[in-house]
Amino acid sequence: MGFLFMANFKILILFIFFYNTSISQNRISTSISYSKLDIFHGFEFEKSINDKFNLHAGFEYGIVKSLFQSRFYPKVKIGGSYYLIDRNKFDLLAITQYSFSSFKFYRLTNDFVQYHEANLGVRWRYGNKWKIGQTIFIGGVWERSRNTLFNSKQSNIMLGYTFQIDCIYAF
Amino acid sequence: MRFKILLILFIVVSCKKKHDYPIDIIGHAGNGLSISNSIYHANSLEAIELALGTPGVEGVEIDLQLSKDNDLWLFHDMTLDDETNLTGCVSNLNNEILSTAFYKSLHKERLIQFKNLNFSLYAGKTFYLDIRHYNACENSFIDVNKMISALSVEISKWNQVKFIVLTNHYDWLSPLITADFTVYYEIENVSDFLNTKVNNIIIDGVISRSTNLSKEEISSIQSENKKVILFNMRAPKPIREAMNKFPDGLIVDDLKVALIEKSK
């Protein structure tokens, strides 16, 4: 099920980023973010589809689980943003994002937990070619894992947040 | 020859032994008492069933208080004011009022009675019952005989679940042991345990903050056929440090972090 989802996700990213050819600017960035689930390090590619809207996609990994607990914790994300303020050096954007992450928490039974996140937030950036910025998200986190009491998959919903610092290169 | 050496090295390096510490992972108040990641409120039915349904979790610790009607309710704090829609103490309210209580959390979980837990679902699991001996609203101690009576009625119904009574009140140890419960004493240091030996109080185990007992002290307690449970761990490092002391169990607030450490 997870593999099917990842395959569909890749197709969606390819479609979004290669469908529109009227590009004004692209940006790649690296980020560190603190969230309920872990501290993440990631990379993001953003494409402007017109003067007001951008689309982005990226990949992150959970630092604590991946580096300190020997448990690789990947996350993929996709979203869009809208310019609220677009000055020469300073941008302020409203942003929305969906992400999917998963890790194996119990090796002896091969049990995974999956997280779907839907977030709204704001993003600001300062600079010319090289920019620094921050992104703040709040939203819903949907946790999905096996429940041995009921012998079925269980879904649990909670509030989530992300505080992110970005280093961006525009080209 | 070089290829054979490389092949052997590759096999040795790439083989991952599945290591399992022989330690019980126990959910603190269900799925975590004071941790921002806890989905459901501590001591709620949802938190307990989420914890017990997590693969690798052997039991939960829950907090029990007597109501005015002498029934057992799951609740942690001294008063209801901060966490629920009610005010006052559990011990001063009857069951009818307590049945209207809910937590001020996202899911608005209800307060539950011990007898409303569906123990037939929890076969093979262990419940650590942290019983409250003090009424903060009246500055008085609860009658231990009422607590014992309430516990006896409920525990005797369920053979497929293991119950361990936890207390930090020294004066309650003897009555609880006489009532034939499995009793663990919450200690601040190993001297508290030695004190029970001196006074011939035969407890079944101890529970302590992880930082209060060393590996050697834990080993010495275990050599007397007593179990040792540690608590007060949230992050991976303190959980790992606690596991390396080889207690019998860990009461943890983040179950998934603990399970990762256990099965590394």
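**Close-up views of a predicted two-chain model**

Over all chains, 20 aromatic pairs are counted, a pair being two rings of Phe, Tyr or Trp (its six-membered ring) with centres within 6.5 Å. This is a predicted model, in which local features need pLDDT of at least 70 and side-chain atom pairs pLDDT 80 or more, whereas totals for chains, interfaces and linings use all residues. Residues are numbered from 1 along each chain as its sequence is written, chains are lettered from A in the order written, and side-chain values use heavy atoms, without hydrogens and water.

**View 1. B:Phe75 and B:Tyr103 form a stacked pair.** Their centres are 6.1 Å apart and their planes 15° apart; planes under 30 degrees apart count as stacked, over 60 as edge-to-face and the rest as tilted. B:Phe75 counts as buried because its relative accessibility is 2%, and B:Tyr103 is buried at 0% (buried: under 20% relative accessible area, 1.4 Å probe, protein chains only).

**View 2. Ring pairs join six residues of chain B into a cluster.** The members are B:Phe114, B:Phe119, B:Tyr122, B:Phe127, B:Trp158 and B:Phe163.

**View 3. Charged ends of two lysines sit over rings in chain A.** The charged end of A:Lys75 lies 4.1 Å from the ring centre of A:Phe40, and that of A:Lys65 lies 5.0 Å from the ring centre of A:Phe103. The criterion is NZ of Lys or CZ of Arg within 6 Å of the ring centre and within 35 degrees of the ring normal.

Notes. Buried means under 20% relative accessible area, exposed over 50%, partly exposed in between (1.4 Å probe, protein chains only).
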